[in-house]
Amino acid sequence: FFMAFLTIARWWLRASASARHSTSKKKNLTFAAAASAMANPMRTKNDDVKLALGLVGPGLVGKALLDQMRDYLPVLRETRGIDVSVLGIANSRKMLLSDRAIDLSNWQQVFNEATHPSDLVGFRDHLLTCKDPVVPVIVDCSASDHVSDFYKIWMESGVHVVTANKKVNSGPLERYQAVRSLQKDRKVHYFYETTVGAGLPVISTIKGLVDSGDRIASVEGVFSGTLSYLFNNFKAGARFSEIVAEAKASGYTEPDPRDDLSGTDVARKVANLARESGLELELSDIPVRSLVPKELESCETSEEFMRRLPEFDGEMTRLQEDAARAGEVLRYVGSVDVAAGKGSVELRNFPASHPFAQLGGTDNIVLIRTKRYDPQPLVVT
């Protein structure tokens, strides 16, 4: 997220310098000096680039980001000359709007007291009418498809979008292509690095390879921290249902573990990576091996699901024992095969020497094979 803010600020400085070049050499030199000063902490307050930021989705991810911003925004202002003011926070029910930077040390209390109904067009308008911070940015930390429908509207108005929400990049291809076209045509930024890889630089790595003339052959990885944890700990003598229960108790799963075990979240990441690699796949094009027993798909509550899950430990134990006898481990992986034009989500066996077998905890890992990185893939972990 913070790298996105830095990139937007640098873009604004370059754009401002270019726009003023034809009218004043002196002003152009001033902005050029400001641009070079982005890497120099010796700068004045008047040089600061001001970002008006609105955050949608102050849940688990959004709260963590706001807490990080509370600590890091002063550093960003002091060392990089980027003055980020959070002027709005919204969820599906209500929104908090402010003409001044919201105090991030007690934003939850202020947000809880807000009464303005959520309106994502009005949310955008508020950022656009703020006169002092000149660069409007909306950060989407939700997982909402409804919020994703507003990206096009926001970007058409010149609002930059930074998202952890996977729905646009893995949703209907037509919507995805419209957003990417706006990114190019309107010269607005659209950042989505955190949609794949739990913070690993996966998207930027693929972009860098493609932009430098390389060609992606395949991408595969362990893309779910939850499923990584489950299979890193599923060893001889362990019962799969007990590991799921441990992961749930530790907060590693969704409130209903079926949301993780279904593999849909991994499929969304595969769709995203397929599109980054040049394929035009819909989410429905990707076959998924669900780990939810068919008999438990209709459980009315997560409690019922967890209570009945031990009934199906036998099948998972058999798979684990078969892998162990072959000197292998089980890993839940997503794959993109560019040559074949397809993606997949599967539970597969890997040799104990394979990079996927070396994982621990909730680690993610990605292997990228390209024209250059072959036969040895590029490993991001």
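Arginine 70 counts as partly exposed, at 36% relative accessibility; the cut-offs are under 20% relative accessible area for buried, over 50% for exposed, and partly exposed in between, with a 1.4 Å probe and protein chains only. This is a predicted model, in which local features need pLDDT of at least 70, side-chain atom pairs count only at pLDDT 80 or more, and totals for chains, interfaces and linings use all residues. Residues are numbered from 1 along each chain as its sequence is written, and side-chain values use heavy atoms, with hydrogens and water left out.

Back to arginine 70. Its salt-bridge partner is aspartate 67, with the closest N and O atoms 3.6 Å apart. By salt bridge I mean a side-chain nitrogen of Lys or Arg within 4 Å of a carboxyl oxygen of Asp or Glu. Aspartate 67 counts as buried, at 18% relative accessibility. Both residues lie in helix H3, residues 60-80, three residues apart, which is about one turn of the helix. Helices here are DSSP runs of H or I, at least four residues, and strands are runs of E, at least two, numbered from the N terminus. The pair belongs to a network of salt bridges that links Lys63, Asp67, Arg70 and Asp71.

By this rule the count comes to 20 salt bridges. Two others follow.

Arginine 318 and aspartate 322 meet through their side chains at 3.1 Å, N to O. They sit four residues apart in helix H16, residues 313-325, so about one helical turn separates them. Arginine 318 is partly exposed at 38%, and aspartate 322 is partly exposed at 30%.

Glutamate 276 and lysine 207 form a salt bridge at 3.7 Å, N to O. Glutamate 276 is in helix H14 (264-276) and lysine 207 in helix H10 (202-211), so this pair ties together parts 69 residues apart in sequence. Glutamate 276 is buried at 11%, while lysine 207 is partly exposed at 27%.

Now the sheet. It is open, with seven strands in the order S4-S3-S2-S1-S5-S6-S7 and mixed pairing. Two strands pair if DSSP finds at least two bridges between them. The edge strands, S4 (116-117) and S7 (190-191), each pair on one side only. Helix H5, residues 120-129, packs on the sheet and touches S1, S2, S3 and S5, contact being heavy atoms within 4.5 Å. The direction of H5 makes about 165° with that of S1; axes are lines fitted to C-alpha atoms, for helices over the stretch in contact, and angles run from 0 to 180 degrees between N-to-C directions.
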